[in-house]
Amino acid sequence: MKITSTSCICPVLVCLCFVQRCYGAAHHGSIKVTRNQTKHIEGETEVHHRPKRGWVWNQFFVLEEHMGPDPQYVGKLHSNSDKGDGSVKYILTGEGAGTIFIIDDTTGDIHSTKSLDREQKTHYVLHAQAIDRRTNKPLEPESEFIIKVQDINDNAPKFTDGPYIVTVPEMSEMGTSVLQVTATDADDPTYGNSARVVYSILQGQPYFSVDPKTGVIRTALHNMDREAREHYSVVIQAKDMAGQVGGLSGSTTVNITLTDVNDNPPRFPQKHYQLYVPESAQVGSAVGKIKANDADTGSNADMKYTIINGDGAGVFSISTDKETREGILSLKKPLNYEKKKSYTLNIEGANTHLDFRFSHLGPFKDVTMLKVIVGDVDEPPLFTMPSYVMEVYENAKIGTPVGTVTAHDPDAANSLVRYFIDHNTEEDRYFTIDASTGTIKTAKIFDREEIPWYNITVAASEIDNPELVSHVPVGVRILDVNDNPPELARDYDVVVCENTKPGQVIQTITATDKDNSANGARFHFSLDEGLSLNPNFTLRNNEDNTASILTRRRRYSRTTQDIYYLPVLISDGGVPPLSSSSTLTIRVCACERDGRVRTCHAEAFLSSAGLSTGALIAILLCIVILLAIVILFITLRRSKKEPLIISEEDVRENVVTYDDEGGGEEDTEAFDITALRNPSAAEELKYRRDVRPEVKPLSRHHPSSSLDSIDVQEFLNQRLAEADLDPSVPPYDSLQTYAYEGHRSEAGSISSLDSATTHSDQDYNYLGDWGPEFKKLAELYGEIEPERTT
């Protein structure tokens, strides 16, 4: 089958079609495919025959972006088997078959029904086959061919990275590379000049240029100065078709900034400056500013100011403010208008970062002269010293002079000065000051041991101008006097062993003194001379502010005496010397052979007698057992049987024991038992209220008149019979006691129970004649009688 390519559509493309055909014939040629060179048809046996016909190919091309009203003719398929009688049917399959590309199945003409874009798809792969229209059997094997989309110039160049921002140092050499820009064209670079791009500059001349082929932007002038112009906007154009007329173009903007270099030296706007500074300016304060201008920026404009000469170099100093690049003039020493009224300074400003490429532009520094005029002001009083230190002894009387401060008016007027103390703290109230002389005196009595130092502030002001005040610190040191006696440094626990030897040191003591070393640092120890010689212990002064306690005999016994007291007298070396007495407590303890204390308690006595620890434990256990037995016995003795009937209304007369011994013969008011001893005072028979009686008593109540005649024996028998015959009594014995002594006898009663109701006519004065043994008895009865008479 033979494929014939499309003919030219329009006269403009005649040349292109001719080139296409020549290109296809020269490069592609024709390919003849025979049956024995292809795969055999399905169902047939492969037989080798001499080739008679086959497919003859030419490569197909179709123009992109075809906008005509009719389908674009692509080419023609033709088989050698086609005799022109319509018996051969052509079939087209593959990419775009039936949608983009259609074929006339009788003639084999191929057309494109849609506008194609090469930038989206460059070629299409299709398959062609010729079959017998009657039998539908292939006349030729299926073969593959390609339709290429032929490019036209329909895409303009584009700068994908624009716009651009770039910098270049100022004063650069001409031709310094700034940036390379690149434009891309989507057209086919292998076909024609559609994708051949050239660059040109539309804006930015004559400062910059661009290479037409590479797109490299370069500087076009020498020594471009940032201080003259800093920003440039350059427009670059890219055009295809090698820049020819009819080519498409695109553009981009390149913003170029010149960066600074140190090519400008600093310059002071003036060669002479004048500055007014009052003499009251404080030392260290800033009194003025000065600045040299530098057209550069950043670190290229950094500057340092110095005072190179002048009579004020020692009075003033200058520093650089890094933010504002100004020179800050400060005061190093106080100004005095009366001594010097003006100063002259030569100030230099120089760059700190130099670029030696531009050293030919001149020295990168400048000098100016500054004249400082000192202004006269009314100054506060000036003290003769910046601070004062004074001393006063402790215990000094109130009003004792401590010291004097002096201040004067530094101005020419020399006004009088008044002094006073700033009472800002409590310490300032401990002193007073003479307003005219400045003499400081005490306002209280000081104790160095409490506060050894005081800080006060003294102020001075002019009488003519009290608002001008100056201050000065004053320190007052309290001097020591020997007013504290020495005392022992601590409470000593002195121990002496029972088996000690004579002359043995058992303790070393020392002392302290609240006074300083000038008044009592040297201590002297001794025993109290007012006491008799101590036979047990003695004291040795070591002459180094310590003393040793020594034994004077061989053995000590805790059983004889376990604690000793030793008075010690301590004196200091002050003027006048002071002393104090302290008592040491010395305990006697049992010690080991090496001197270690074993025990100092009393329970160790038994151990010294030969009892072991086991024996002591056994003795303690026995004591505990005996105590437990005694407690158990007492508890059992005190326990009582509970009554069968417990009632708060039980009126039976039981024996009640009161452990009250009474007040003796003198107690006449303890208890009146007259009712018990006299039957006439007995009440009528009472029934038990806890049990209801079932029988009536044997006797009824007697009138009070008959009770006087009842005999006691009869009264007791009556009550006994009632108790025996009463069936309601509980089944236990009830003891009823009636304390009646019987009728009064002629001799009278010897009891004093009725002493509260009867009076005695007995005279006890004879007891005084019985001697000193009865003196107390005579005094007692001698006092009772007058009281009764009264």
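**Figure 1. Isoleucine 201 and its bridge partner in strand 14.** In this predicted model, isoleucine 201 has isoleucine 236 of strand 14 as its bridge partner. Strand 11 covers residues 198-203 and strand 14 covers residues 231-239. The two strands run antiparallel and are joined by five bridges.

**Figure 2. The pairing of strand 14 with strand 15.** Strand 15 is made of residues 249-259. Nine bridges connect strand 15 with strand 14, and the pair is antiparallel. Two residue pairs can be picked out here. Valine 235 has threonine 253 in strand 15 as its bridge partner. Lysine 239 is placed opposite serine 249, which belongs to strand 15.

**Figure 3. The open sheet with strand order 9-15-14-11.** Four strands make up this sheet, and their pairing is mixed. Strand 9, residues 164-169, lies at one edge, and strand 11 is the other edge strand. Each of these edge strands pairs on one side only. From one strand to the next, the twist averages 35 degrees.

**Figure 4. The open sheet with strand order 16-22-21-18.** This sheet also consists of four strands with mixed pairing. Its edge strands are strand 16, residues 272-278, and strand 18, residues 303-309. Strand 16 and strand 18 each pair on one side only. On average, and with direction ignored, neighbouring strands of this sheet are turned by 30 degrees against each other.

**Figure 5. Strand 18 beside strand 21.** Strand 21 spans residues 342-351 and pairs with strand 18 in the antiparallel sense. Six bridges hold the pairing between these two strands. Within this pair, tyrosine 305 stands across from glycine 349 of strand 21.

Figure 6. One of its residues, isoleucine 631, is located in helix 3, which runs over residues 613-638. Isoleucine 631 has a relative accessibility of 54% and therefore counts as exposed, since the cut-off for exposed is over 50%.

How values were computed:
Residues numbered from 1 in each chain as written. Predicted model: local features only at pLDDT ≥ 70, side-chain atom pairs only at ≥ 80, totals over all residues. Heavy atoms only, no water. Pairing = 2+ DSSP bridges. Axes fitted to C-alpha atoms, helices over the stretch in contact; angles between N-to-C directions. Buried < 20%, exposed > 50% of the residue type's maximum accessible area, 1.4 Å probe, protein only.
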